[in-house]
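Please look over the sequence and the model together before reading on.

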Amino acid sequence: AARAFSTSMVADKEVKNVTVFGAGLMGAGIAQVLAHKGKFNVTLSDVTDKALSNGQSIISKSLTRIAKKAMADSSAEEQATFVQGIVDSIKVTTDPEAAVQDTDLVIEAIIENVGIKKDLFGFLDGKAPKDAIFASNTSSLSITDVADAVERKDRFGGFHAFNPVPQMKLVEVIRTTKTSDETYEALMDVAKRMGKVPVTCVDAPGFIVNRLLVPYMFEAIRLVERGEASIKDVDTAMKLGAGYPMGPFELADLVGLDTLSHIAKGWRDTRVKTGEIHAEAVKESKLLEDLVAQGKLGKKSGEKGGFYEYP
Ligand code: CAA
């Protein structure tokens, strides 16, 4: 009877406390939307104070942009108070154990490295409440592989948000073969409470969006490498001819050329070998690798830029 009781408690339990690991662009964005739109109690954790204050600055900048529009009739002071109120509501800590002390849900958005993610989840598995749900925001790794580090495989799933998180409406919720219905429903519910539209995908490489976008960006790069059209014209073509908000090169610069190269290399090393992804789809590109080697990583590289410059 005790078991049945605890199972139903778990099923009915509403997620209130969410811990986000990783205060980079994705983690900060997720923490921001959880706190602002979802009204969750949010804790943001990273390994250094510097990373945490950088995350707070990402959140503050984004909320300032939102406040300028949403609170156009309010004074600058009122807008600043709103921004600071949300930033201050997000607890920050470099102590991973303290971060998950009474968490209901962990969302991990740290470096895209399966070993490092597994180390973190393996550690947290022994520290977080037994009924807490774990989710990874990985965009290209296997959720099943990451979940291998924990006992709670039924309480593990993917929760993949998109860049820029405050603006992009989608979350991909990923089920492994072991993810329970309760866990899946809880992740869908959290996405909705964040004001996002969740879609579901099995644990397939790249899920839906990256499975299509990554080969698309590579195809665009190859088209330019062959000298068939200019970067600018490819972007203009896809914006005006296919209605995309950004062309593939603008998008690659937003995603980060190092990230794009890293995803493709990871797939070549794994998913191409297993036959899950066609070799041609993510074949190494000299143009891309040259830019990465020069430190031209896209929008984040500012003046150096990527395919474009961002003075
Ligand atoms: N925080 C808050 N608001 C933001 C924001 C942010 N970080 N970024 C943009 N906005 C807001 C702007 O303030 C603006 O608001 P209003 O409409 O109220 O004026 C709105 O978004 C539009 O922004 P802009 O006018 O600056 O520019 P835009 O109209 O071109 O929109 C964009 C920008 C939303 C990024 C749009 O170009 C777009 O949707 N691009 C495609 C992005 C995309 O495909 N992302 C997925 C990348 S792949 C990925 O993330 C997966 C992965 O794992 C690699």
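Strand β4, helix α6 (residues 114-125) and strand β5 form a β-α-β unit that is right-handed, a term used when, with the strands pointing away from the viewer, the path from the first strand over the helix to the second runs clockwise. Helices (H or I, at least four residues) and strands (E, at least two) are DSSP runs, numbered from the N terminus. The model is predicted, and local features need pLDDT of at least 70, side-chain atom pairs count only at pLDDT 80 or more, and totals for chains, interfaces and linings use all residues. Residues are numbered from 1 along each chain as its sequence is written.

**Parallel strands**

- Strand β1 (residues 17-21) and β4 run parallel and are joined by four bridges, where two strands count as paired if DSSP finds at least two bridges between them.
- V18 has L105 in β4 as its bridge partner.
- On to the next neighbour, β4 pairs with strand β5 (residues 133-136) in the parallel sense over four bridges; in this pairing V106 stands opposite F134, and E108 has S136 as its bridge partner.
- β5 also pairs in the parallel sense with strand β6 (residues 156-161), over three bridges, and there the bridge partner of F134 is F156.

**Two covered strands**

- In a regular strand the side chains alternate between the two faces of the sheet.
- In strand β4 (residues 105-108), L105 and I107 lie on one side and V106 and E108 on the other, and all of them are buried, a label for residues with 20 or more other C-beta atoms within 10 Å of their own, while exposed means 12 or fewer and partly exposed means in between, with C-beta atoms placed from the backbone.
- In β5, I133 and A135 point one way and F134 and S136 the other way, and all are buried.

**Around the ligand**

- The ligand is surrounded by 18 residues, of which the closest are S62, S139, N163, P164 and P245; a residue counts as near a molecule if its C-beta atom, placed from the backbone, lies within 6 Å of it.
- Two or more residues of this shell come from each of α3 (49-70), α9 (209-225) and α11 (248-255), and α3 gives the most, with four residues.
- By residue class the shell holds eleven nonpolar, five polar and two charged residues, where Ala, Val, Leu, Ile, Met, Phe, Trp, Tyr, Cys and Pro count as nonpolar, Asp, Glu, Lys and Arg as charged, and the others, Gly among them, as polar.
- Domain 1 (2-202) and domain 2 (210-301) each supply at least three residues to the shell around the ligand, with bounds that come from an automatic or database domain assignment.
- S62 lies in helix α3 and is buried, since 21 other C-beta atoms are found within 10 Å.

**What the record lists**

- In an unreviewed entry, the UniProt annotation "binding site" covers S62, K69 and S139. They span 78 residues in sequence, and their farthest two C-alpha atoms are 30.4 Å apart, so they do not all gather at one spot.
- UniProt (unreviewed entry) also lists residues 17-203 for "domain: 3-hydroxyacyl-CoA dehydrogenase NAD binding", and such annotations may be inferred rather than shown by experiment, with positions given in the numbering used here and feature names shortened.
- The span of residues 17-203 is 44% helix and 21% strand, and its end C-alpha atoms lie 26 Å apart.

**Backbone exceptions**

- Most residues other than glycine have a negative phi, and most peptide bonds are trans.
- The peptide bond from N163 to P164 is cis, with omega near -5 degrees, and P164 is found in the loop between β6 and β7 (170-175).
- K39, in the loop between α2 (25-36) and β2 (41-45), has a positive phi near 55 degrees; K39 is exposed, with 12 other C-beta atoms within 10 Å.
- F207, in the loop between β8 (197-202) and α9, has a positive phi of about 55 degrees although it is not a glycine; F207 is buried, with 22 other C-beta atoms within 10 Å.
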